[in-house]
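Biologist: Hi! Could you walk me through this protein chain in plain words?
Modeller: Happy to, let's look at it together.

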Amino acid sequence: MKALPVEPTNTPVAIGSRIRAARQAQRMTIEQVADSTGLTKGFLSRVERDLTSPSVASLVTLCQVLSISIGDLFLVPETHLTRLAEAPRISLGGEGINERLMTARSERRLQMIRAVVEPHGRGEDELYSVDCEVETLHVVEGRFVLIFSNDRYELDAGDTVTFPGREPHTWLNPEGRTAVVLWTLVPAASGK
């Protein structure tokens with residue numbers, strides 16, 4: 001089997017911001033890293049700004065001090081774009097609501113649902129809960145009422161409510177105009 005030729009590239013690999021992020025995650029100053037690695041503060045600053053490339057030996061030492069693997073510096077981040085027009089429609093129940101899943105179906109860390117609620121649209125008559133730890137409701141447009149067994153929140157555009165995901169609730173659009181809301185579930189609710 002013949003190997004495919006790979007054209008070498010002279011494009012520098014930008015790893016400085018990841019090194020800086022790792023240093024900050026360790027709550028270390030450039031001076032502390034310099035002391036631990038034997039590299040100068042100026043050199044480390046230039047590395048973090050991608051103005052110079054460290055040698056392999058310097059990179060190994062730097063990664064050991066920052067408790068990261070060299071491979072992590074070169075990973076391509078997993079990014080998923082969902083365009084509104086292409087977002088899959090879902091239904092969590094209720095009347096007069098058009099819901100679209102804005103996060104990847106495979107995303108398990110969180111789930112974002114954009115809902116357009118027609119005038120006087122409403123959730124289930126009985127309170128319901130969602131299988132997640134935390135639920136957030138953000139009103140993008142219009143007015144919205146979130147109802148719990150012992151509480152009721154009347155929300156305007158820009159308002160956000162965060163509550164335990166398994167807390168029974170329902171909702172309604174009290175106005176004669178459309179409301180747009182974003183539900184965020186952490187982690188993603190199971191079974192969708």
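**A chat about the model**

Biologist: How many disulfides does the structure hold?
Modeller: The structure holds zero disulfides, a disulfide being a pair of cysteine sulfur atoms within 2.5 Å. A quick note before we go on: this is a predicted model, where local features need pLDDT of at least 70 and side-chain atom pairs count only at pLDDT 80 or more, while totals for chains, interfaces and linings use all residues. Residues are numbered from 1 along each chain as its sequence is written, and side-chain values use heavy atoms, with hydrogens and water left out.

Biologist: Thanks! Is Cys63 buried or exposed?
Modeller: Cys63 is buried, at 4% relative accessible area. Buried means under 20% relative accessible area, exposed means over 50%, and partly exposed is in between (1.4 Å probe, protein chains only).

Biologist: And Cys132, buried or exposed?
Modeller: Cys132 counts as buried, with 1% relative accessibility.

Biologist: Let's switch to salt bridges. How many does the structure hold?
Modeller: There are 10 salt bridges in the structure. The term stands for a side-chain nitrogen of Lys or Arg within 4 Å of a carboxyl oxygen of Asp or Glu. One of them pairs the side chains of Arg20 and Glu48, at 3.5 Å from N to O.

Biologist: Where do Arg20 and Glu48 lie?
Modeller: Arg20 lies in helix H1 (residues 16-25) and Glu48 in helix H3 (residues 41-48), so this pair ties together parts that are 28 residues apart in sequence. Helices (H or I, at least four residues) and strands (E, at least two) are DSSP runs, numbered from the N terminus. Arg20 is partly exposed at 27% relative accessible area, whereas Glu48 is buried at 6%.

Biologist: Which residue does Glu133 meet in a salt bridge?
Modeller: The side chain of Glu133 meets that of Arg166, at 2.9 Å from N to O. Glu133 lies in the loop between S3 and S4, and Arg166 in the loop between strand S7 (160-164) and strand S8 (169-172), so the pair ties together parts that are 33 residues apart in sequence. Glu133 is partly exposed, with a relative accessible area of 47%, and Arg166 is partly exposed with 44%.

Biologist: What about Arg143 and Asp156, how do their side chains meet?
Modeller: Their side chains form a salt bridge of 2.7 Å, N to O. That pair links distant parts of the chain, with Arg143 in strand S5 (residues 143-148) and Asp156 in strand S6 (residues 152-156), 13 residues apart. Salt bridges that share partners also join Arg143, Arg152, Glu154, Asp156, Glu175 and Arg177 into one network.

Biologist: Nice. Now the surface: which residues make the nonpolar patch?
Modeller: Val13, Val56, Val60, Ile70 and Phe74 make a nonpolar surface patch of about 420 Å². Patches are made of residues with over 30% relative accessible area and no salt bridge; like charges are joined within 9 Å, and nonpolar side chains (Val, Leu, Ile, Met, Phe, Trp, Tyr) within 5 Å. The areas come from the Shrake-Rupley method with a 1.4 Å probe, and for residues only the protein chains shown count as cover.

Biologist: Which helices supply at least two residues each?
Modeller: Helix H4 (56-66) and helix H5 (70-74) do. Phe74 lies in helix H5 and is partly exposed, at 40% relative accessibility.

Biologist: Which residues gather in the patch of negative charge?
Modeller: Glu95, Glu124, Asp125 and Glu126 gather there. Lys and Arg count as positive and Asp and Glu as negative, with His and the chain ends not counted; the charge is placed at NZ of Lys, CZ of Arg, CG of Asp or CD of Glu. Glu126 sits in the loop between strand S3 (111-122) and strand S4 (134-141), and is exposed with 65% relative accessible area.

Biologist: Last topic, the backbone. What is the phi of Arg27?
Modeller: Phi of Arg27 is near 55 degrees, a positive value in a residue other than glycine. Most residues other than glycine have a negative phi, and most peptide bonds are trans. Arg27 is in the loop between H1 and H2, and counts as exposed at 73% relative accessibility.

Biologist: Which residues does a cis peptide bond join?
Modeller: A cis peptide bond joins Val186 and Pro187, with omega about -15 degrees. Pro187 lies in the segment after strand S9 (179-186).
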